[in-house]
Amino acid sequence: MANRPQSLAMNVSFGGPSASVPSIAGAQANKDRKMASAEHLVLDLSNPDLRENALLELSKNKELFQDLAPFVWNSFGTIAALIQEIVSIYPVLSPPNLTAVQSNRVCNALALLQCVASHPDTRMLFLNAHIPLYLYPFLNTTSRSRPFEYLRLTSLGVIGALVKVDDTEVISFLLSTEIIPLCLRTMEMGSELSKTVATFIVQKILLDDMGLDYICTTAERFFAVGRVLGSMVTALAEQPSSRLLKHIIRCYLRLSDNPRACDALRNCLPDTLREATFNNFLCEDPTTRRWLQQLLQNVGVNRLPALQGGGGFDHMMVN
């Protein structure tokens with residue numbers, strides 16, 4: 001097999017110095033058995049008759065193996081098999097006829113792709129092959145049924161794995177695609193968990209200078225992001241989520257680093273953030289409280305007046 005890794009390293013602890021020789025030998029034997037099983041399961045992915053079970057077992061145990069991602073990537077036909085699993089359910093996306101069984105199976109394939117996306121040796125290979133684009137039809141769905149919600153959440157997890165490590169190349173790739181509108185769609189209509197992951201992705205994009213410049217280059221992009229963030233804040237006043245609120249505030253704070261965006265936020269920042277609406281939810285989160293205080297300071301009365309002569313966003317919204 002081309003480029004087949006020699007083995008899969010197990011991410012396990014074998015105990016301290018007091019471990020006996022027999023116990024160490026037993027642990028090593030167990031490790032060897034698990035590695036052989038994982039390699040066998042990866043090879044099973046290329047067999048349509050064995051694929052479903054292999055997907056299930058590998059997705060459940062992927063965290064046990066440090067080098068599963070390179071093995072999956074380099075094993076002949078494995079990535080093609082995973083992509084085949086993805087495209088096979090495109091026909092049931094619209095009209096929405098995705099079943100729970102279909103959703104679970106493709107999400108097991110996505111879990112392996114997330115493993116590949118998060119590994120330093122395969123992340124850029126994954127990007128250069130443009131594999132994230134195969135997931136975008138899932139993010140473009142609007143059905144609120146559990147199979148579709150699970151599909152969107154797992155797809156977002158793959159993108160989240162890409163942005164978790166700060167890498168301008170990753171951000172550059174994502175900005176060349178439709179990831180921002182797709183995340184905004186999920187932030188509007190997804191479950192709390194899906195909204196949280198989508199907002200985290202937008203946050204990580206904003207934290208990169210290229211991402212901040214991209215979103216603040218035009219009024220349309222800025223106000224598209226601002227409108228969705230604002231509607232989420234309004235909804236959180238009724239159904240609070242400290243985890244989601246944290247990512248929203250961090251997005252706003254990062255937007256305030258751009259002078260024109262900061263001037264615009266003086267007018268469009270939700271009143272619920274200016275007031276004490278969320279104080280009870282931030283009392284045990286000093287980091288988010290500090291972010292909110294810094295945000296309010298950035299857009300507060302101590303800032304210079306808005307730029308005159310067309311320097312801000314307002315003039316760009318005319319017509």
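Here is what to select, and what you'll find at each stop.

Start by colouring by confidence, since this is a predicted model. Mean pLDDT for the protein is 87, with 83% of residues at 70 or more. Now pick residues 9-19: pLDDT stays under 50 there, and the model gives this stretch 18 contacts beyond four places in sequence. Do likewise with residues 315-319, where pLDDT is below 50 and the model has eight contacts beyond near neighbours in sequence.

Next, select S94 and P95, and look at the bond between them. That peptide bond is cis, with omega at about -5 degrees. Most peptide bonds are trans. To place P95, show α4 (78-87) and α5 (100-118): P95 sits in the loop between them.

Move on to H130, in the loop that runs between α6 (123-128) and α7 (136-139). Most residues other than glycine have a negative phi. H130 counts as partly exposed because its relative accessibility is 41%.

Last stop: show helix α10 (residues 179-189) together with helix α11 (residues 192-207). Their axes come within 8 Å and cross at roughly 145 degrees, and the crossing is left-handed.

Notes: Residues numbered from 1 in each chain as written. Predicted model: local features only at pLDDT ≥ 70, side-chain atom pairs only at ≥ 80, totals over all residues. Heavy atoms only, no water. Axes fitted to C-alpha atoms, helices over the stretch in contact; angles between N-to-C directions. Helix = DSSP H or I, 4+ residues; strand = E, 2+ residues; numbered from the N terminus. Left-handed = near helix turned anticlockwise from the far one by under 90°. pLDDT = per-residue confidence, 0-100. Contact = heavy atoms within 4.5 Å. Buried < 20%, exposed > 50% of the residue type's maximum accessible area, 1.4 Å probe, protein only.
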